[in-house]
Amino acid sequence: MHHYPDASAVVRALSPDEPVILNRPHAAARAARFFTEKFPGKSLYAVKANPSPDLLQVLWASGVTHYDVASIAEVRLVREALPQAVLCFMHPVKPANAIAEAYKVHGVRTFSLDSHEELAKIVKATAGDDGTPAADLRLCVRLRVSSEYSELSLASKFGIDLADAGELLQATRQVADWLGVCFHVGSQAMTPFAYVQAIERVRAAIVDAAVTVDIVDVGGGFPSIYPGMEPPPLEDYFDVIGRAFESLPVSYSSELWCEPGRALCAEYNSMIVRVEKRRGDELYINDGAYGALYDAAHVGWRFPVKSLAERSGAEESTYAFYGPTCDDADYMEGPFALPSDVQPGDYIEVGMLGAYGAAMKTRFNGFGSTGVVEVSDEPMSSLYRGDRQDPRKSDNVVSLR
Ligand SMILES: *Cc1c(COP(=O)(O)O)cnc(C)c1O
């Protein structure tokens, strides 16, 4: 893979006609070390946020040993890239054949579930040819929790209600070697309190069921930084989660897990796009709703942007973007702040696209092909820089406080 100092160098060298994804392995490695060193338990990487095999290698080399996968294709992908990794199949609704292949071919032992039907399916799909039940299953019951503190809700689709959780926990305990309880507070949780509330629900569920628990998995939801979304330091999340976990009646005998997706990979990618047309304060660019800017279009996410044009002096203005397809929905409201003199042919760097950005690209309408290069400069923002003001201290992984 070609390597450049930064986005401007890429533009000077390539004048690219198509968008270019920039990889920053140093940023992903720093995020991974932060979690493996500071989270008071085990950190799994949630692969759906960005399944790039290059990224998987970076995370593995930085100490991430466990991977949260949600489909048989993700199981195969991670097993191929990282033969030694521990895979946890954390989608609560899985095809029986996917469970069987994961268990029998790829060595997966950890599965999540939120219903008696799924429990029966897992038990059947992992039994031996003579019907002997598997004795080494690690099963995590997913609780429904509130998403009220998160930018993107995950509260309606999965998770068993507290009122019904006791029976499912007891039934799961009967067949599981390890019993876990897991939840997801929603993505980009803007306060650590989201986890406290959810852990209180875990307490109620295990007290009600009177079962011993081997894993408490607080899921994903750890934030990154975007314009208008500056979360508190991640250490605050870790402190609060650690204390809430310690106060559970099962903490002496159980492991604490988390499953960050976004927080581990948001800083890994940015993208160079080109302005093809300007109409007032609307810029027609060559990536959009069907590309890496899916969230910018569909949920109004504001990614940071920077002009790569070599002019200076213009004051700042705000813009909306249109993507390249013929669909009116290929529109990103922003507002995105750029110099007032943007013109067709200018290149723009869009930052913080490592999570749910690079992974979302489609080929709709003949667009979507992209170059990929590596760069060594800092991401546009970082939760992991010791001193956010001074980029020269960029390899400093110490506390933000
Ligand atoms: C998507 C997902 C994650 C990762 O969520 P982030 O908000 O990206 O941290 C973790 N666990 C499960 C079960 C998920 O579905």
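Tutor: In this predicted model, an N or O atom in the side chain of Ser187 lies 2.5 Å from an oxygen atom of the ligand. This is a polar contact, that is, a pair of N or O atoms within 3.5 Å. At Gly221 a polar backbone atom takes part, 2.8 Å from an oxygen atom of the ligand. Asp68 places a polar side-chain atom 3.0 Å from a nitrogen atom of the ligand. Altogether 14 residues are around the ligand, and Lys48, Ser187, Glu259, Arg262 and Tyr356 come nearest; a residue counts as near if one of its heavy atoms lies within 4 Å.

The local features described here need pLDDT of at least 70, side-chain atom pairs count only at pLDDT 80 or more, and totals for chains, interfaces and linings use all residues. Residues are numbered from 1 along each chain as its sequence is written, and side-chain values use heavy atoms, with hydrogens and water left out.

Two backbone details follow. Most residues other than glycine have a negative phi, and most peptide bonds are trans. Gln188, which is not a glycine, has a positive phi of about 60 degrees; Gln188 belongs to strand β10 (residues 187–189). Strands are DSSP runs of E with at least two residues, and helices are runs of H or I with at least four, numbered from the N terminus. The peptide bond from Gly334 to Pro335 is cis, with omega near 0 degrees, and Pro335 sits in strand β17 (residues 331–339).

As to helix packing, the axes of α2 (residues 25–38) and α9 (residues 234–246) are 11 Å apart, at an angle of about 25 degrees. Axes are lines fitted to C-alpha atoms over the stretch in contact, and angles run from 0 to 180 degrees between N-to-C directions. The two helices, α2 and α9, are therefore roughly parallel, the term for angles under 35 degrees. Phe34, Phe35 and Lys38 of α2 meet Leu234, Glu235 and Phe238 of α9, where contact means heavy atoms within 4.5 Å. By class, the residues of this contact are 4 nonpolar, no polar and 2 charged; Ala, Val, Leu, Ile, Met, Phe, Trp, Tyr, Cys and Pro count as nonpolar, Asp, Glu, Lys and Arg as charged, and the others, Gly among them, as polar.

The axes of α6 (residues 116–126) and α7 (residues 162–175) come within 10 Å and cross at roughly 10 degrees. That makes α6 roughly parallel to α7.

Technical notes
Angles under 35 degrees count as roughly parallel, over 145 as roughly antiparallel, 65 to 115 as roughly perpendicular and the rest as oblique. A polar contact is a pair of N or O atoms within 3.5 Å; within protein, one must be able to donate a hydrogen and the other to accept it, and residues adjacent in sequence count only if both atoms are side-chain atoms.
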